[in-house]
Amino acid sequence: MVRTVLILLGAPGAGKGTQATRLAESLRLPHVSTGDLFRTNLSQGTELGQKARTFMDAGNLVSDSLVIDMLFDRVGQPDCAGGYLLDGFPRTVAQAEALQQRFDGGEDRVVIDIQVPDELIVERIIGRQSCPKCSAIFHTRFNPPTSEGICDHCQTALTQRADDTAEVVGTRLAAYHEQTAPVAEYYRQQGGVCAVNGNQHPDKVFEACQVCVTEAAA
Ligand SMILES: [Zn+2]
């Protein structure tokens, strides 16, 4: 049985999360987030979680092979038999190579790279505001509330995440370009990446992502 393995790449703030959720739903593929797996293994105290704890207690980063063990523990479950969507992984070329080594040949890999220029990402993120009471999300420029700084739904004062500043976003983008952008290059050499313009309405981005999946299956 062929398993569709959908890999989403893109800078932080490029809209990967939104598209991952929508694609997982429309393609009926489990949405596998390595961040969630990590938290679940830790909180449930699984064998893999305990190994991760050992790394963390020693002040070390969890090894790639341990993250991949968690990943394959998850995607070995029956709901992933037809495929899955990877979110947040691989983040480095070393992880991409390690992932490739664990594939057994039954995978139909689809890599989508959502591209948004850095300056637009900065603009998107630093204007974000959210409601601490009802979690509604606004943007000072792209989706402003009716009255400035006040939630449309419950009239609570909107807040901004402390790390949504130009400086923090710049640091995250620099790390992305250094570590994760080469992952797209790796997949380009390995047979292909579908590039999607992320600088358009999320519905259009979604349509473009669907085209990538359809073309890969053809
Ligand atoms: Zn609200």
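This text goes through a predicted model of one protein chain, from its overall form to a few single residues.

The secondary structure of the chain amounts to 8 helices and 7 strands. Its radius of gyration is 19 Å, close to the 17 Å that the globule rule gives for 218 residues, so the chain is as compact as a globular protein of that length. Taken along the principal axes, the box filled by the C-alpha atoms is roughly 55 × 45 × 35 Å. Of the 218 residues, 27% are buried. Among contacts with a separation of 6 or more, 69% join residues 24 or more positions apart.

Asp113 is a place to look at such contacts in detail. This residue belongs to strand 4, which runs over residues 107-115. Is Asp113 buried or exposed? Asp113 counts as buried because 23 C-beta neighbours lie inside 10 Å, and the cut-off for a buried residue is 20 or more. Once neighbours within four places in sequence are left aside, the contacts of Asp113 are Leu9, Gly10, Ala184, Val193, Ala195 and Val196. Ala14 is 99 residues away from Asp113 along the chain, yet the C-alpha atoms of the two are separated by 9.7 Å.

The backbone has some points that call for a separate look. Most residues other than glycine have a negative phi, and most peptide bonds are trans. Against that background, the peptide bond from Phe89 to Pro90 is cis, with omega near -5°. Pro90 sits in the loop that links strand 3 (83-87) to helix 5 (93-102).

Arg28 is not a glycine, but its phi is positive, near 55°. Arg28 is placed in the loop between helix 1 (16-27) and strand 2 (31-33). With 9 C-beta neighbours inside 10 Å, Arg28 counts as exposed, since a residue is exposed if that number is 12 or fewer.

Ser135 is the other residue, with a positive phi of about 70° although it is not a glycine. Its loop lies between strand 5 (128-130) and strand 6 (137-139). Ser135 has 10 C-beta neighbours inside 10 Å and therefore counts as exposed.

Set side by side, these residues show both kinds of surroundings. Asp113 in strand 4 is buried, with 23 C-beta neighbours inside 10 Å, whereas Arg28 is exposed with 9 and Ser135 is exposed with 10.

Conventions:
Residues numbered from 1 in each chain as written. Predicted model: local features only at pLDDT ≥ 70, side-chain atom pairs only at ≥ 80, totals over all residues. Helix = DSSP H or I, 4+ residues; strand = E, 2+ residues; numbered from the N terminus. Contact = placed C-beta atoms within 7 Å. Rg over C-alpha atoms; globule rule 2.2 N^0.38 Å.
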